[in-house]
Amino acid sequence: MVYDRILVRYGELSIKGKNRKIFKNALHRAIRFKLKPFAALTFEITRDRFYIILNGVDANVVSEKLNEVFGLQSYSLAAKTENDIDAIKKLALEVITEQYPGPTTFKVETKRADKSFFMQSGDISRSVGGHLLANTHNLIVNVHQPDMILNIEVRREGSFVMAGRVKGLGGFPVGSSGKGLLMISGGIDSPVAGYLLQKRGVEIEAIHFASPPYTSERSLQKVVDLLKKVAVYAATGEIKLHIVPFTKLQEAIHQHMPDHYEMTIMRRMMYRIAEGVAKNHDIMVLANGESLGQVASQTLASMNAINAVTAMPIIRPVATYDKLEIIDVAQKIDTYETSILPFEDCCTIFVPKSPATHPTQALCEQYEAMVDFTDLIADCIKQVETRIISIVEMEETLAEIDALL
Amino acid sequence: MEREMVYLDHSATTQVDEEVMDTYVRANLNFWGNASSLHNFGALAEQVLIRSSRQMLTLLNANDHQMIFTSGATESNNLAIKGLAPNHLRGHVITTQIEHPSVYEVCLELEKKGLQMSYLDVKQSVAEMIRQLEEMIRPDTFLVSCMHVNSEMGLVLPIEEIGKVVAKYPRVKFHVDAVQSVGKLPVDMASSQIDLLSASAHKIHGIKGMGCLVVRKGLRLLPQIAGGGQMDGLRSGTVHVAGAASFAKAMRLVIEGQAEAFKRMQRLFDYTVKQLRHIEGVQVNSQFSCQSPYIVNFYVQGIRGETLVHALSEHDVYVSAKSACSSKSKKASYVLLALGFDEQVATESLRVSFAQETTLEEIDAFLEVLREEVKRLR
């Protein structure tokens, strides 16, 4: 392989005035964290570029990791040579012959950052293009819609040849926008919501309501497995999971509340608890995988009655998504297969035959006033068990696998 | 005189490398989950599989392909050819007359069912062969199947040139049986524009019962083994994860040592050929302009090949007559016949085949025993 480095371009960061530095640093950290297993790599940072010097590491493996980093707009495999037109031509030919399936039309674009170089950008492009045409078959120039753009950059530190550009995930580096608490049940939607939050730079912690023995250890394990997939995109490969012992409160609701309001009131309790846990961990927003109109709890009336218990902003990243759109993302982040495993969670037990689809806030309050839930709620918040879900352990195992090969 | 055995039959099989065996054992002990299981332990096995595949694809420069692990190259060849043969069993396949039986016999079987075959004449120059290939391709041609290196003769076929021609016809797929070339000659699936490639682990110091078919992504094959839908549905059956890991390891080791070994092998080849010529009545068959230095095929006038194989093995020197897969049948080698040798030579020839660890001392020991036995048996 002729490539010796990868050039990384920053995402929306480029337009973020004062915050730019914070974002840039967060991105560098994220990339370095992702690439930590490859000790041979070295990094070069310039004003608007970030170079990963491969030092013999397989570029494909590195790019696979880069595809898991938010805030990265695009990157290109690049090869470096000296500032000499013949060397550039030779390298350009090597780069273009390494493409497969070979492009049929191409265009050369040159940036001459080093103005001391004796040729102008246009002349370099023409000269290299001519060299490529003379030394290849079936290759023609098309400046309007080329199959491939060959980029040449002449810089003070050397000349670079790049073919094509790979799109990154975009968005913002995780952690650059603060923290959110994701309510996760084990279904398809909440892991997708977690992924999308991270895309906009939100670092997430997760909260899960467990009602043993109605819900099983396996149902909890499912949540852990899902979070491991979501943690792939986290800045440090870790997500905190707060597990709420929900059994007593849920039993009380089931026993004392009218059937058709049971689900609405349960969700109101969940929001109260989530808000309490969030405050204890300096988290300012809640988030979940609610989508409009899928089930009784997700009508606008229902959302209104439930949401009334908290003033904390609630982000619902998939609120407007179709189910199929959500599944697409779930498959992309590899959570779908786990999500559809059939274990009971606290939302599927004690399900009334006909839950209210248009509950009102007033009625909720009226019903809740019949029982004193204060202590039960406080207990839930107090007895939260916090675990750290980490992919690092997995990374170590993967390193062990690589050593086998 | 005490000496260790001289094994010069590496085209038949090779000894498992200790490091490869170590990988096999450790993969079996530590990652023995079922790669299809949904739980984490199964996912680990799946990771072993994914990483093994990826490593092998990189080594073969197969950047647009997927890996299907099989029980060996025979299964791979069967899957490639039968899997591509359309259901209605009409159409046209181009191959050569010197293919391994797992290609040759499959083609004969399909011919009986109504497919039509054309055979490239491999005696010709590369330019002539390419011209013939271009003439042979018809509107209903769907496959060109061609080995890279012939196991009996070491003849190297021009797969890069063939790939170039085939690539001009998008409906025609190009299958290469690379069993005798992986780890010995450069195999580059991208630059040779190969759609399907068969390889085998035990020819490169891996374990037996492990092979692979590398298939271009998106290419539709009819699976030959139905069941749980493993390997993207192309090859059902619980995946041999440890086998895959050890195959990936074997391939890495052999390809890393390839360039250097090749130079050394050329010297050994030249030396062997020269020394064989000095023996009266010996004719070296394998001296093509494109020749793998890993295989020397020769004919000893007046002594039956099989007799010599037995005589040499009395001295712990192991060579073969014809390829091991077909050496139980008494007929003349169809490979040598196709290459224009007469019936006598085709029936009586011997093959020695090398591996990276073959030494000059081994070759000298073989030559010495050969000279002795030729003198005695005449």
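# Notebook: a predicted two-chain model

**Entry 1: confidence.** I began with chain B, whose mean pLDDT is 92, with 96% of its residues at 70 or more. (pLDDT is the predictor's confidence in each residue, from 0 to 100.) The model is a predicted one, so I noted its limits: local features need pLDDT of at least 70, side-chain atom pairs count only at pLDDT 80 or more, and totals for chains, interfaces and linings use all residues. Residues are numbered from 1 along each chain as its sequence is written, while chains are lettered from A and ligands numbered from 1 in the order in which they are written.

Next I looked up the elements of chain B. Helices (H or I, at least four residues) and strands (E, at least two) are DSSP runs, numbered from the N terminus. For the complex, the predictor gives an ipTM of 0.77 and a pTM of 0.67.

**Entry 2: where the chains meet.** How many residues of chain B are in contact with chain A? I found 18 residues of chain B in contact with 13 residues of chain A. (Contact is when the C-beta atoms of two residues, placed from the backbone, lie within 7 Å.) On the chain B side, helix 1 (18–30), helix 2 (40–59) and helix 7 (241–256) are the elements that give two or more residues. Helix 2 of chain B supplies the largest share, 8 residues. By class, I wrote down 7 nonpolar, 7 polar and 4 charged residues for the side of chain B that touches chain A. (Ala, Val, Leu, Ile, Met, Phe, Trp, Tyr, Cys and Pro count as nonpolar, Asp, Glu, Lys and Arg as charged, and the others, Gly among them, as polar.)

Entry 3: Then I went looking for exceptions.

- Pro212(A) and Pro213(A) are joined by a cis peptide bond, with omega about 0 degrees. I placed Pro213(A) in the loop between strand 11 (203–210) and helix 6 (217–230) of chain A.
- Asp334(A) is not a glycine, yet its phi is positive, about 65 degrees. Asp334(A) sits in the loop between helix 10 (323–332) and helix 11 (336–339) of chain A.
- His205(B) also has a positive phi, near 70 degrees, in a residue other than glycine. I found His205(B) in the loop between strand 7 and strand 8 (211–216) of chain B.

Is His205(B) buried or exposed? A residue is buried if 20 or more other C-beta atoms lie within 10 Å of its own, exposed if 12 or fewer, and partly exposed in between, with C-beta atoms placed from the backbone. His205(B) counts as buried because it has 26 C-beta neighbours inside 10 Å. Asp334(A) is partly exposed because 14 other C-beta atoms lie within 10 Å.

I also checked Asn138(A), in the loop between helix 4 (121–135) and strand 6 (140–141) of chain A. Asn138(A) has 8 C-beta neighbours inside 10 Å, so it counts as exposed. Asn138(A) and Thr105(A) are 33 residues apart in sequence and 8.5 Å apart in space, C-alpha to C-alpha.

**Entry 4: a sheet in chain A.** I traced an open sheet of 6 strands in chain A, in the order 14-13-10-11-12-15, with mixed pairing. (Two strands pair if DSSP finds at least two bridges between them.) Strand 14 (314–315) and strand 15 (385–390) of chain A are the edge strands, each pairing on one side only. Strand 13 (residues 285–287) and strand 14 of chain A run parallel and are joined by 2 bridges. There I saw Ala287(A) opposite Ile315(A) in strand 14 of chain A.

**Entry 5: a helix with a buried side.** Which residues of helix 6 (residues 159–167) of chain B are buried? I listed Ile159(B), Ile162(B), Gly163(B), Val165(B) and Val166(B). They lie on the same side of helix 6 of chain B because they cover an arc of only 160 degrees around the axis. (The arc is that of the directions from the helix axis to the C-beta atoms.) These buried residues pack against helix 5 (126–136), strand 5 (141–147) and strand 6 (173–177) of chain B.

**Entry 6: a sheet in chain B.** My last stop was an open sheet of 3 strands in chain B, with the order 9-10-12 and antiparallel pairing. Its edge strands are strand 9 (282–284) and strand 12 (349–353) of chain B. I found 5 bridges between strand 10 (residues 295–300) and strand 12 of chain B, and Asn297(B) stands opposite Arg351(B) in strand 12 of chain B.
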